[in-house]
Amino acid sequence: MGTPSFAVPVLEGLISKYNVVMVVCQPDRKKDRKGNIEYPEVKKIALEHNIDVFQPEHIKADYQKILDTKPDIIITCAYGQIVSKDILDIPKYGCINIHASLLPKYRGGAPIHYALINGEEETGVTLMYMNEGMDTGDMLVSERIKIEDNDNIEILSDKLSVLGSKMIVNYLEDIINGKIVGVKQDNDKATFARIIKRSDEHLDFNVSNRDVYNKFRALSPNPLPNFIMDDAEFKIAECQLCDEEGNASEIISEGKDYFVIGCASGSIKVTKIKPSGKNVMSVRDFKNGYGSLLGKVLK
């Protein structure tokens, strides 16, 4: 059970070693105004391997097909819907979730985003039994990876996806055979990583430049963090840490290819920008049409 590209390596790993009898994913969605349909990434892989695909709109109400399949075990990875107890009780070896954090830290739907936003030096993947709570089931095994300074949401997600795939292939047999036993989570140490909202994409420069840069990494390359200048929205598409000091939320210096935004401490040097409704462009190209940015105050 999984939907986006993050779940693809996991599915491919399971296919390489086990008999995957069904893939459950979110329904197809319209890709554009012309009505073109886009398949979930895992569906494409399932179809390539002639695996049955099930795409219920509401899994809590529509799960008879899973019952009929009588799976020995269910593996979930970024599926996108809450799985009810009725489904959890179906397989004889239970339901295992591949979660992209070191539980009990960062339960919820955006663990990778918050690991970056909070400047964590490491993260990892936890294999866990599923229960009716939000990532509250017993932990089976965890593995850690270092977060590099140039990791963004795309790069780190890819690393964790590959790690999750290796882990489920390496450990699943031992889990089934009872060699790896679940350990209860310490709820007192739990944190929650809620889904990123549109309002979370706005940058506040009244914090350190490192905090701004971490948020940029968590939102890059998509959807990108934004700020308001001259009552219009702009998104930062490429930036780096800078040690210039100046007023927070003000453009404190500029060159042909960049401009520097002051933070509460340090600053951010911006080299690519995305104006609202336009493609990403270099700051040089942007300034050719916009003019000098020096002294502008950002909101």
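Leaving aside neighbours within four places in sequence, His99 is in contact (heavy atoms within 4.5 Å) with Tyr106, Arg107, Gly108, Pro111, Gly124, Val125, Thr126, Met128 and Asp135. The model is a predicted one, in which local features need pLDDT of at least 70 and side-chain atom pairs count only at pLDDT 80 or more, whereas totals for chains, interfaces and linings use all residues. Residues are numbered from 1 along each chain as its sequence is written, and side-chain values use heavy atoms, with hydrogens and water left out.

His99 lies in strand S6, a strand being a DSSP run of E with at least two residues, a helix a run of H or I with at least four, both numbered from the N terminus. With a relative accessible area of 4%, His99 is buried, a term for values under 20% with a 1.4 Å probe and protein chains only. A polar atom of the His99 side chain lies 2.8 Å from the backbone oxygen of Tyr106.

The largest pocket holds about 1,100 Å³ of space, a pocket being an open set of points on a 1 Å grid over the protein atoms alone, where a 1.4 Å probe fits and protein lies on both sides within 12 Å along at least five of seven lines. Its volume is the space filled by probe spheres set on the points, which are joined across faces, edges and corners. Among the 37 residues lining this pocket (those with an atom within 4 Å of a point), Cys77, Ala78, Tyr79, Gly80 and Gly109 are the closest to its centre. Strand S6 (95-99), helix H5 (111-117) and helix H6 (153-176) each supply at least two lining residues, and H6 gives the most, with five.

Terms used
Buried means under 20% relative accessible area, exposed over 50%, partly exposed in between (1.4 Å probe, protein chains only). A polar contact is a pair of N or O atoms within 3.5 Å; within protein, one must be able to donate a hydrogen and the other to accept it, and residues adjacent in sequence count only if both atoms are side-chain atoms.
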